[in-house]
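Student: I would like to study the strands of this structure with you. May we go through them step by step?

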Amino acid sequence: MPELRKDYFTNRLVLISPERTKRPSDFVSKEKNSKTLAPRDCPFCPGNELMTPPAELVLVSKENTLLKLADSETERVEGWNVRYFPNKFPAVSPDAEVKYSDPPLVGEPAFGYHHVMIVTPNHDATYFNLPVEQWIDILATVQDRVRWLYSKKTVSYVSVFVNSGKEAGASFSHAHLQTLTLTKLPPLIQEEAETLHQDMVELSQCSMCRVLQLEINGPRKILSTENFVAFAPWASTHAYEFWIFPKRHETSFLKVSQKEINDLATILRATLGALGSSLSNPDFNLAFHISSEKKTTKQIHWHLEVYPQIVKWAGLEKGSSVYINPVPPESAAETLGAAARKELAAIIGIS
Ligand SMILES: [Zn+2]
Ligand SMILES: [Zn+2]
């Protein structure tokens with residue numbers, strides 16, 4: 001049974017998940033971004049659906065309408081765009097009982113739901129070249145599943161993230177994302193929520209909206225669309241890190257409209273395309289920072305963060321949470337900005 005332990009002294013949380021050691025992987029080659037599994041052996045490819053647990057949600061587009069279907073125990077839906085199913089090797093478990101222990105050994109069974117979403121049926125597609133239309137389906141599915149997960153009583157936070165490439169922690173090369181729920185706010189989200197709350201009380205302004213006012217026309221801006229802005233954050237912990245924020249103050253990811261989803265798909269296509277073309281498809285992680293939907297918790301201005309895996313975190317980073325970033329965010333924004341504007345022009349040109 002997985003366990004959620006808190007550090008003796010700090011708020012750091014650790015999921016002790018022995019199940020994870022059994023995970024298979026198709027990254028056996030040392031060559032970067034190599035796809036070592038042929039589609040016929042890839043558990044994430046069409047035709048191999050029985051190699052995964054039954055999907056709880058399958059998106060199928062038929063005659064211009066999008067159908068939301070589900071697999072049965074013995075049969076799988078075919079012709080899908082996106083599939084969402086329970087992780088075979090979960091880091092949290094719905095069978096865990098929630099109970100608490102005493103300091104300094106604070107731990108509890110890691111109650112929660114851990115899922116995998118296959119974001120494209122195409123084995124060779126990458127996050128750097130996924131079409132805007134595919135992103136729209138992915139984001140709509142994420143929103144649908146986040147809503148479903150938050151409707152569960154014991155879920156305080158839904159973490160949505162992408163591991164793309166071996167260096168970013170992925171075990172399969174076929175593009176996918178994951179959702180994992182927690183019974184409490186993760187420390188980073190908690191810290192953002194506390195700061196935002198304090199600024200709301202003292203200055204009557206959202207701290208993140210204030211940051212956006214600064215960054216939207218500053219030297220770290222990468223790209224701006226009707227509703228979103230992408231920029232390299234002032235204190236980027238990763239080389240070429242960038243964040244995407246809704247321009248309008250919005251705490252709930254569940255309230256994002258279809259029009260905004262279309263726009264978010266566009267800015268993701270353009271910025272990730274820029275990351276791929278400028279830095280030869282680096283491994284990267286992407287994380288949603290969203291608010292808890294529980295009424296009693298403090299909120300954040302939701303956004304996305306992208307962390308390219310170009311420079312490895314080493315002793316200073318691991319030992320002190322102080323990060324060395326050799327690429328000034330201003331230079332990163334210049335490089336990514338030029339490439340992203342080209343990508344955007346191409347998207348608008350063809351759509
Ligand atoms: Zn595949
Ligand atoms: Zn705000």
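Student: Which residue is the bridge partner of Val-162 in β13?

Tutor: This is a predicted model, in which local features need pLDDT of at least 70, side-chain atom pairs count only at pLDDT 80 or more, and totals for chains, interfaces and linings use all residues. Residues are numbered from 1 along each chain as its sequence is written, while chains are lettered from A and ligands numbered from 1 in the order in which they are written. Strands (DSSP runs of E, at least two residues, numbered from the N terminus) pair if DSSP finds at least two bridges between them. β8 (residues 157-164) and β13 (residues 284-289) pair in the antiparallel sense over four bridges, and the partner of Val-162 is Leu-286.

Student: Which strands are the edge strands of the open sheet of eleven strands?

Tutor: The order is β4-β3-β5-β7-β9-β8-β13-β14-β12-β11-β10, with antiparallel pairing. Each edge strand pairs on one side only; they are β4 (65-69) and β10 (221-224).

Student: In the sheet β2-β1-β6, why is one side of β2 and of β6 left without a neighbour?

Tutor: These three strands form an open sheet with antiparallel pairing. β2 (13-16) and β6 lack a neighbour on one side because each stands at an edge, with a single partner strand.

Student: Which residue stands opposite Arg-5 in β6?

Tutor: Strand β1 (residues 3-6) and β6 run antiparallel and are joined by three bridges. Opposite Arg-5 stands Gly-107.

Student: Is Leu-105 buried or exposed?

Tutor: Leu-105 lies in the loop between β5 (82-86) and β6 (107-109). A residue is buried if 20 or more other C-beta atoms, placed from the backbone, lie within 10 Å of its own, exposed if 12 or fewer, and partly exposed in between. Leu-105 has 9 within 10 Å, so Leu-105 is exposed.
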